[in-house]
Amino acid sequence: MGPIAVSTLMGSIVVENTFGVPGLGPELVRSILSRDYFMATGIFTYYSLLAGLAMFAVELAYTVINPRIRY
């Protein structure tokens, strides 16, 4: 579940660019092409935070589904 959630989140960048949906995907590409490093770093950081939270939520769901797992 974790890798699927992260790949769906990161795949939104491609979908937004392909279909012209306004969002962070086109803004990320635009900031990379215009060499706006602060904006690109901020968007990468935001996506990394979302990916980390998704993986953390999956780990918490594992403990709810299977109570034998303890950390």
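The structure holds one salt bridge (a side-chain nitrogen of Lys or Arg within 4 Å of a carboxyl oxygen of Asp or Glu). Glu-27 and Arg-30 form it, with the closest N and O atoms 2.6 Å apart. This is a predicted model, in which local features need pLDDT of at least 70 and side-chain atom pairs count only at pLDDT 80 or more, while totals for chains, interfaces and linings use all residues. Residues are numbered from 1 along each chain as its sequence is written, and side-chain values use heavy atoms, with hydrogens and water left out.

**The salt bridge**

- Glu-27 and Arg-30 both lie in helix H2, three residues apart, or about one turn of the helix; helices are DSSP runs of H or I with at least four residues, numbered from the N terminus.
- An α-helix has 3.6 residues a turn, so residues three or four places apart point the same way.
- Glu-27 has a relative accessibility of 26% and therefore counts as partly exposed (buried is under 20% relative accessible area, exposed is over 50%, and partly exposed is in between, with a 1.4 Å probe and protein chains only).
- Arg-30 also counts as partly exposed, because its relative accessibility is 48%.

**Glu-16**

- Glu-16 lies in helix H1 (residues 2-19).
- Glu-16 is buried yet has no salt bridge, and the nearest side chain of opposite charge, Arg-30, is 9.3 Å away; Lys and Arg count as positive and Asp and Glu as negative, with His and the chain ends not counted.
- A polar atom of the Glu-16 side chain lies 2.6 Å from the backbone nitrogen of Gly-25.
- Leaving out residues up to four places away in sequence, Glu-16 touches Val-21, Gly-23, Leu-24, Gly-25, Pro-26 and Tyr-47 (contact means heavy atoms within 4.5 Å).

**Helix H2**

- Helix H2 spans residues 24-33, and Gly-25, Pro-26, Leu-28 and Ser-31 are buried in this helix.
- The cover over the buried residues of H2 includes H1 and helix H3 (37-65).
- Val-29 is in helix H2 and is partly exposed, because its relative accessible area is 34%.
- Val-29 and Ile-13 are 16 residues apart in sequence and 8.9 Å apart in space, C-alpha to C-alpha.

**Nonpolar surface patch**

- Val-15, Phe-19 and Val-21 form a nonpolar patch on the surface, with about 300 Å² of accessible area together.
- Patch residues have over 30% relative accessible area and no salt bridge, and nonpolar side chains (Val, Leu, Ile, Met, Phe, Trp, Tyr) are joined within 5 Å.
- Accessible areas come from the Shrake-Rupley method with a 1.4 Å probe.
- Val-21 is found in the loop between H1 and H2 and is partly exposed, at a relative accessible area of 38%.

How values were computed: Helix = DSSP H or I, 4+ residues; strand = E, 2+ residues; numbered from the N terminus. Polar contact = N/O pair within 3.5 Å; in protein donor to acceptor, adjacent residues only side chain to side chain. Patch = residues over 30% accessible without salt bridge, like charges linked within 9 Å, V, L, I, M, F, W, Y side chains within 5 Å.
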